[in-house]
2 protein chains.
Amino acid sequence: MSFKENKTEITALGEFGLIKHLTKDNKIKHPETVKAVGDDAAVIDVGDKYMLVSTDLLLEGIHFDLTYMPLKHLGYKSIIVNLSDIYAMNGLAKQVTVSIGLSNRFGLEAVEELYKGITLACEQYNVDLVGGDTSSSRQGLIISVTAVGEISKEKVTYRSGAKFNDLLVVSGDLGGSFMGLQLLEREKSVFSENPEIQPDLGGNDYVLERQLKPEARKDIIEQFEQFQIKPTAMIDISDGLASEVIHICDQSGCGANIYDEKIPIDHTTYQLARDFELDPSVVALNGGEDYELLFTVAQSDYDKIKNNPHFTVIGHITDKASGINLIAKNGTSHELTAQGWDAFLRKEKGL
Amino acid sequence: MSFKENKTEITALGEFGLIKHLTKDNKIKHPETVKAVGDDAAVIDVGDKYMLVSTDLLLEGIHFDLTYMPLKHLGYKSIIVNLSDIYAMNGLAKQVTVSIGLSNRFGLEAVEELYKGITLACEQYNVDLVGGDTSSSRQGLIISVTAVGEISKEKVTYRSGAKFNDLLVVSGDLGGSFMGLQLLEREKSVFSENPEIQPDLGGNDYVLERQLKPEARKDIIEQFEQFQIKPTAMIDISDGLASEVIHICDQSGCGANIYDEKIPIDHTTYQLARDFELDPSVVALNGGEDYELLFTVAQSDYDKIKNNPHFTVIGHITDKASGINLIAKNGTSHELTAQGWDAFLRKEKGL
């Protein structure tokens with residue numbers, strides 16, 4: 001077929017480069033389409049408020065491994081990762097649709113388990129399951145979720161609103177999900193070499209839960225409302241802190257300084273990273289799948305942030321010319337590049 | 001893994017049975033969720049109007065075969081099948097999101113072709129591409145599209161609104177897409193047995209286009225508006241006329257009589273069915289992928305329908321006790337069952 005000839009490898013562009021390339025001539029026709037491609041969710045003007053729409057594809061062998069991912073947890077997580085995108089706009093999710101492709105190795109009991117997790121997430125996050133599609137699949141398990149949410153027009157928060165001197169804040173702690181994954185992968189390879197050995201996962205419940213049953217930060221959106229905190233820019237941390245900081249700076253036309261010593265890391269994550277001979281900061285910066293929120297607020301909002309145990313100020317916004325820098329514990333400054341750190345991480349992991 | 005044990009085959013339930021089973025305990029929490037699972041699109045109250053959301057998953061090897069499906073056409077069709085669901089609610093589509101999973105056999109040029117078709121459909125149907133997701137895939141091409149539309153509250157049309165004595169009407173003609181598929185499959189198997197033989201597709205442009213580049217009936221929705229036709233129930237014909245009539249009758253709590261001789265079949269479709277030794281009526285009833293609209297109107301609207309070349313009255317709604325019947329050309333009546341006809345068709349096709 002013709003598409004096999006003159007092939008340019010997609011990996012050269014990366015996911016974000018590919019989307020940017022494919023949508024560069026995308027013309028918006030409706031004034032109701034307030035924000036199209038390029039943020040955590042699309043924004044649609046429906047009159048008195050904005051609707052938010054976000055979609056994600058989860059593929060077996062790419063996004064999950066059923067060797068250690070229980071189907072109920074997978075169902076739960078597939079909803080969470082989409083709700084997180086709605087919260088990242090400062091909105092509340094109201095509805096989801098779920099499409100599933102199933103190869104014939106899955107029986108009814110397996111799909112029921114998956115749906116138990118989907119239903120549980122919908123209950124916990126007060127979301128209605130409103131539609132979807134099921135199909136057979138030649139490619140293992142495929143899950144596609146679309147989340148729909150809403151937000152008042154004055155509260156919608158884009159990646160692009162960060163201002164000079166704003167504080168950079170994260171919710172929760174970072175890197176746990178990645179270390180959970182490392183642990184599961186290690187035990188999987190031990191088991192595949194010697195099935196007699198039982199997995200050694202003890203004492204690491206926190207990181208395993210971060211990987212297998214993450215939560216989305218609806219509570220943070222509710223606290224913004226309660227304490228009248230207005231983030232100037234926001235994004236959810238799905239690809240890793242470094243990547244998300246770069247997105248905010250790119251879209252806001254600014255730079256940032258992040259302080260290594262400020263990055264919140266749970267002690268289980270920290271210790272496990274050390275056991276794996278990984279730098280805990282690198283793990284926190286590049287691990288991904290944390291589903292925490294990264295946001296910026298004006299300095300004048302500092303009093304509303306400082307004593308809240310969910311929030312950590314990790315740095316501040318600078319001008320574009322100053323670049324995006326990680327300030328190490330010894331005071332030296334390093335330019336932050338998602339690719340650079342990612343490459344570094346891969347080298348450490350032997351990938 | 002536990003889900004391999006005690007396996008109940010999903011095929012025993014069928015797609016609709018599976019969705020019904022999985023969502024039987026689905027609790028709706030938000031009053032804004034007007035219609036959840038069970039119609040062509042979900043309906044969400046956003047204040048002055050309703051938003052419509054519909055989603056479909058298209059999988060290589062299940063829904064399309066890249067041996068004969070050009071990628072640009074596939075991109076176009078992936079949008080069309082979703083827009084058709086919005087039109088089936090009497091609404092207009094405004095936005096789509098597109099998620100794509102790509103195995104490494106696809107290069108940038110292939111994805112660009114796919115996007116050309118997606119972009120063309122968005123232009124033709126006045127729809128904005130507002131988001132999506134791209135991912136690598138272990139096997140083959142995966143496309144997930146979500147369409148968002150809107151409809152005024154008084155005009156939304158469900159599957160459930162058909163009334164006793166209403167007329168059953170279809171747009172366009174049926175069975176063409178299925179015969180296009182049969183032709184492509186035949187030429188594929190001829191080619192695989194002897195690559196020297198060039199495909200013989202001549203004179204069958206109509207059915208090939210119905211299969212490879214179908215259109216959705218936005219024009220019909222515009223005519224409803226123009227001629228003030230208010231369908232009482234509506235569904236799009238994606239699985240075949242028989243299946244869709246049964247959906248309308250099930251959800252409206254009624255029966256129907258359909259007249260075999262009234263079913264609109266294009267002469268190319270008819271002749272090709274004969275060449276393949278298939279009954280053209282069976283093809284039209286069960287072929288699927290026509291993306292025409294099946295709707296019911298009150299008898300009082302007959303004058304608005306009768307001279308419109310896009311519309312064919314194929315029967316009428318009866319009471320539930322009378323069942324769903326196909327009246328043959330000789331006047332005999334046969335109970336219409338989607339499975340029965342499907343099984344018959346499969347036998348004829350040797351499947």
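Is A:Asn126 exposed, partly exposed or buried? The model is a predicted one, and in it A:Asn126 is partly exposed, because 13 other C-beta atoms lie within 10 Å, a count that falls between the 12 or fewer of an exposed residue and the 20 or more of a buried one.

Six strands form an open sheet with mixed pairing, in the order S1-S2-S3-S6-S4-S5 (chain A). Strand S1 (33–35) and S5 of chain A are the edge strands, each of them pairing on one side only, and from one strand to the next the twist averages 20°. Within this order, strand S3 (residues 49–59) and strand S6 (residues 142–152) of chain A pair in the antiparallel sense, over 11 bridges; A:Thr55, for instance, has A:Thr146 in S6(A) as its bridge partner. Helix H2 (residues 71–87) of chain A packs on the sheet, where it touches S3, strand S4 (92–102) and S6 of chain A, and the direction of the helix makes about 30° with that of S6(A).

Another helix of chain A can be followed from end to end. Helix H4 (residues 176–193) of chain A has 18 residues and reaches 26 Å from its first C-alpha to its last, close to the 26 Å expected at 1.5 Å a residue. The buried residues in H4(A) include A:Gly176, A:Phe178, A:Met179, A:Leu181 and A:Leu184, and what covers the buried residues of this helix includes helix H5 (205–212), helix H8 (267–275) and helix H9 (280–286) of chain A.

There remains the contact between the chains, to which chain B gives 71 residues and chain A gives 70 residues. On the side of chain B that touches chain A, at least two residues each come from several elements, among them helix H1 (14–22), strand S3 (49–59), helix H3 (108–124) and strand S6 (142–152) of chain B, while S5(B) gives the most, with nine residues. Sorted by class, this side of chain B has 30 nonpolar, 26 polar and 15 charged residues.

Terms used. Residues are numbered from 1 along each chain as its sequence is written. Chains are lettered from A and ligands numbered from 1 in the order in which they are written. This is a predicted model: local features need pLDDT of at least 70, side-chain atom pairs count only at pLDDT 80 or more; totals for chains, interfaces and linings use all residues. Two residues are in contact if their C-beta atoms, placed from the backbone, lie within 7 Å. Helices (H or I, at least four residues) and strands (E, at least two) are DSSP runs, numbered from the N terminus. Ala, Val, Leu, Ile, Met, Phe, Trp, Tyr, Cys and Pro count as nonpolar, Asp, Glu, Lys and Arg as charged, and the others, Gly among them, as polar. Two strands pair if DSSP finds at least two bridges between them. Axes are lines fitted to C-alpha atoms, for helices over the stretch in contact, and angles run from 0 to 180 degrees between N-to-C directions. The expected span of a helix is 1.5 Å times one less than its number of residues.
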